[in-house]
Structures are given as C-alpha cells and as structure tokens.
Amino acid sequence: MLYIVTKLVTEGQQKAFSIIGASEDKKRAASIAAEVYKDYNKNASFQNIEMITEWLATRQNYSFRKDKDHRLQLAITSLEGEVQPEEKQLVFSAAAEEEELMRRVSQALFEGKHTAERGPKAQTHSCPLES
C-alpha cells in the first residue's frame, strides 16, 4: 500500500494545495507530514510534534490554525493501486469557511423552526421564579 502525503495552506483568500511525498510505511508518511507541520509552526515543541505524528498515523489528517486567516491542513491518503471509493476521493474541501458556517447556521435554523412547529408535544420545562 502506498501513502500519499498532501497539504492545503490557506492564507486569507489564497489557497495552495501540494503533494508533499509518498511512502509505503504509514508511520514514515506521518513523520513526513509532521515535518511540514514543524516548518509551518516554528513554536511547536518536541512533544507537540510527537503528538501530531501519532495523530497523523492513526487519523491520517490534521488541521492547524494559526489565526483566523492562516491554516494548515495535512492528509495522508492510502492507495492500493485501484480507483478509490467516492467517499475517499475528496482529500480537502476548498469551500470557504464562511460558506460552511452559513450552511450550518441555515441548517440549525431550519431544524429549530421544524422543532418549534411540532406543537404542544415538544414542551419546554423551566423552573418557576420566586419574587
């Protein structure tokens, strides 16, 4: 099996996607990705880098945000020489975070309105106030 290491760097409205490397060993791929993280976050401690390496080896993705406008996303994609299933084909979504936030807010508002329209069965209980 081959493990492909990729990164997506977001700085403001700029996005840069890169293939960093590949390895036949998952732990080696995780250490390659951790090196990218170490270069991106100059203040990272040795323990932090070790934790990130372990996280990447198990979860195969990691996202680090310096601030509102700067973000590093790392991913390790495993390939076995055939076409990936559709749910594994997407490595990163380049949708703007504001769009994702608005989608989630709209969904929450719809769900809240739907719950409110259910009627008297959905009762709310509160503690009485004493004056």
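Patches are made of residues with over 30% relative accessible area and no salt bridge, with like charges joined within 9 Å and nonpolar side chains (Val, Leu, Ile, Met, Phe, Trp, Tyr) within 5 Å. A salt bridge is a side-chain nitrogen of Lys or Arg within 4 Å of a carboxyl oxygen of Asp or Glu. Accessible areas come from the Shrake-Rupley method with a 1.4 Å probe, and for residues only the protein chains shown count as cover.

The model is predicted: local features need pLDDT of at least 70 and side-chain atom pairs count only at pLDDT 80 or more, while totals for chains, interfaces and linings use all residues. Residues are numbered from 1 along each chain as its sequence is written, and side-chain values use heavy atoms, with hydrogens and water left out.

**Stop 1: the surface patch**

Select Leu-101, Val-105 and Leu-109. Together they make a nonpolar surface patch of about 290 Å². Leu-101 is in helix H4, residues 97-116. Helices (H or I, at least four residues) and strands (E, at least two) are DSSP runs, numbered from the N terminus. Leu-101 counts as exposed because its relative accessibility is 52%; the classes are buried under 20% relative accessible area, exposed over 50% and partly exposed in between (1.4 Å probe, protein chains only).

**Stop 2: the whole chain**

Zoom out and colour by secondary structure. The chain has 4 helices and 4 strands, in the sequence order β-β-α-α-β-β-α-α. Of its 131 residues, 28% are buried. The chain exposes about 10,100 Å², and 52% of that is supplied by carbon and sulfur atoms. Contact means heavy atoms within 4.5 Å. Among contacts in the chain with a separation of 6 or more, 46% are between residues 24 or more positions apart.

**Stop 3: the largest nonpolar core**

Select Val-5, Tyr-37, Leu-56, Tyr-62, Leu-72, Leu-74 and Ile-76. Of the 21 residues in the largest nonpolar core, these touch the most other members. Such a core is a set of buried Ala, Val, Leu, Ile, Met, Phe, Trp, Tyr and Cys residues joined through side-chain atoms within 4.5 Å. Two or more core residues come from each of strand E1 (2-11), helix H1 (26-40), helix H2 (46-59), strand E3 (61-67) and strand E4 (70-79). Which element gives the most to this core? H1 does, with 8 residues.

**Stop 4: helix H1**

Select residues 26-40, the range of H1. The 15 residues of H1 should span 21 Å at 1.5 Å a residue, and the end C-alpha atoms are 21 Å apart, which agrees. The expected span is 1.5 Å times one less than the number of residues. Now show the buried side of the list: Ala-29, Ala-30, Ile-32, Ala-33, Ala-34, Val-36, Tyr-37 and Tyr-40. The buried residues of H1 pack against E1, strand E2 (14-23), H2, E3 and E4.

Next, pick Glu-35 and Lys-38. Their side chains meet in a salt bridge, 3.5 Å from N to O, and the count of salt bridges comes to 1. Both residues lie in H1, 3 residues apart, about one turn of the helix. An α-helix has 3.6 residues a turn, so residues three or four places apart point the same way. Glu-35 is partly exposed at 40% relative accessibility, and Lys-38 is partly exposed at 35%.

**Stop 5: Thr-53**

Move to helix H2 and select Thr-53. Is Thr-53 buried or exposed? Thr-53 counts as buried, at 18% relative accessibility. Leaving aside neighbours within four places in sequence, Thr-53 is in contact with Ala-30, Ser-31 and Ala-34.

**Stop 6: Gln-60**

Gln-60 is in the loop between H2 and E3. With a relative accessible area of 19%, Gln-60 is buried. Residues that Gln-60 touches, not counting those up to four places away in sequence, are Tyr-3, Lys-26, Trp-55, Leu-74, Ala-75 and Ile-76. Check the backbone too: phi of Gln-60 is near 65 degrees, a positive value in a residue other than glycine. Most residues other than glycine have a negative phi.

**Stop 7**

Asn-41 is in the loop between H1 and H2 and counts as buried, at 12% relative accessibility. Not counting residues up to four places away in sequence, Asn-41 touches Asn-48 and Phe-64. Draw a C-alpha distance from Asn-41 to Lys-66: the two are 25 residues apart in sequence and 8.0 Å apart in space.

Finish on Arg-65, in strand E3. Arg-65 is partly exposed, with a relative accessible area of 34%.
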